[in-house]
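Work through the exercises below with the model open. Each task is followed by its solution.

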Amino acid sequence: MPSPAYRGRLAPSPTGYLHLGHARTFWTAQLRARAAGGALVLRNEDLDGARCRPEYVAAMLEDLRWFGFDWQEGPDCGGPHAPYDQSARLELYRAAFERLRAAGLVYPCACSRRDIAESAAAPHENGLGGGDEPLYSGRCRPENLDAAERDRRTAWPRAGHSWRFRVTDRERIQFTDTALGPQSAVAGETFGDFVVWRREDLPSYQLAVTVDDAAMGITEVVRGADLLVSTFRQLLLYRALGLDAPQFHHCPLMLDEHGRRLAKRHDALSLRALRAAGRTPESLRAERR
Ligand SMILES: [Zn+2]
């Protein structure tokens, strides 16, 4: 029996116009919330200050309404877990980060993007399509530093470098996806120590969504299969923070005519462009490929 306490969420990021791929995944989220007699939360994932723009937030709300989405809590209608804009929730993320730091579960990483690319091992092929980011070498792990450098770093502030969550090498992490069935990954092989706090003094995606999904009482996360590897990272964060993890439901990604993942650069498939071309939400929802 579906649980009446089901809580799902739509979590778009206003870095461009929503495209049909997002809408398809979100539609699955809405159908599952409705089928369970549950609630749907809209969360505005606007932490990327350089790329998020207010006009995209307004467009996002308009495009979602046009497509037929209907949420019960969100930045435009409020709710018991307000605010629903991530940029207004920084205190919560900082508190979670400080808990991880106090527990000795994170360490500062001074590597540049280039250092990481050059020293990274290729993620093992494991049927998950490899890693979604380079496998971090562990070069800033405290035991890989000399004593003087280790001491120096204990005085480092939160900002100015990133902070990585330390995984337990060779630990197998498993969960049952409500779409894909049993899933399994090995820490240190499928993915390595991952960033939870960014040098710009902001939480990483991994930390922010974990904190929010727990705080907002989300019971099932429906999202694209490109985030499957991230789910293992987030499961480690739920455990480290003593939070109950939701269920996960990963949807196949929509591909373009060349078999590539749709991205926001596919302007012709933005909901705005489709609407301007005379497409109706009904026809877009019914179309499958
Ligand atoms: Zn490093």
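**Exercise 1.** Leaving aside its neighbours within four places in sequence, which residues is Glu-220 in contact with?

This is a predicted model, in which local features need pLDDT of at least 70, side-chain atom pairs count only at pLDDT 80 or more, and totals for chains, interfaces and linings use all residues. Residues are numbered from 1 along each chain as its sequence is written, and side-chain values use heavy atoms, with hydrogens and water left out.

Step 1. List the partners, taking contact as heavy atoms within 4.5 Å: Tyr-6, Arg-7, Gly-8, Arg-9, Arg-32, Thr-178, Pro-246, Gln-247 and His-249.

**Exercise 2.** Identify the protein donors of the zinc ion and their arrangement.

Step 1. Donors are N, O and S atoms within 2.8 Å of the metal (3.2 Å for Na, K and Ca); water is not among the atoms, so sites may look incomplete. Cys-109 (SG), Cys-111 (SG), Tyr-136 (OH) and Cys-140 (SG) lie 2.0 to 2.3 Å from the zinc ion.

Step 2. The donor atoms subtend angles of 102 to 124 degrees, so the arrangement is tetrahedral (four donors, all angles between 85 and 135 degrees).

Step 3. Read the spacing of the donor residues in sequence: C-x1-C-x24-Y-x3-C.

Technical notes
Four donors count as tetrahedral if all angles lie between 85 and 135 degrees; four count as square planar and six as octahedral if opposite donors are over 155 degrees apart and all others between 65 and 115; anything else is irregular.
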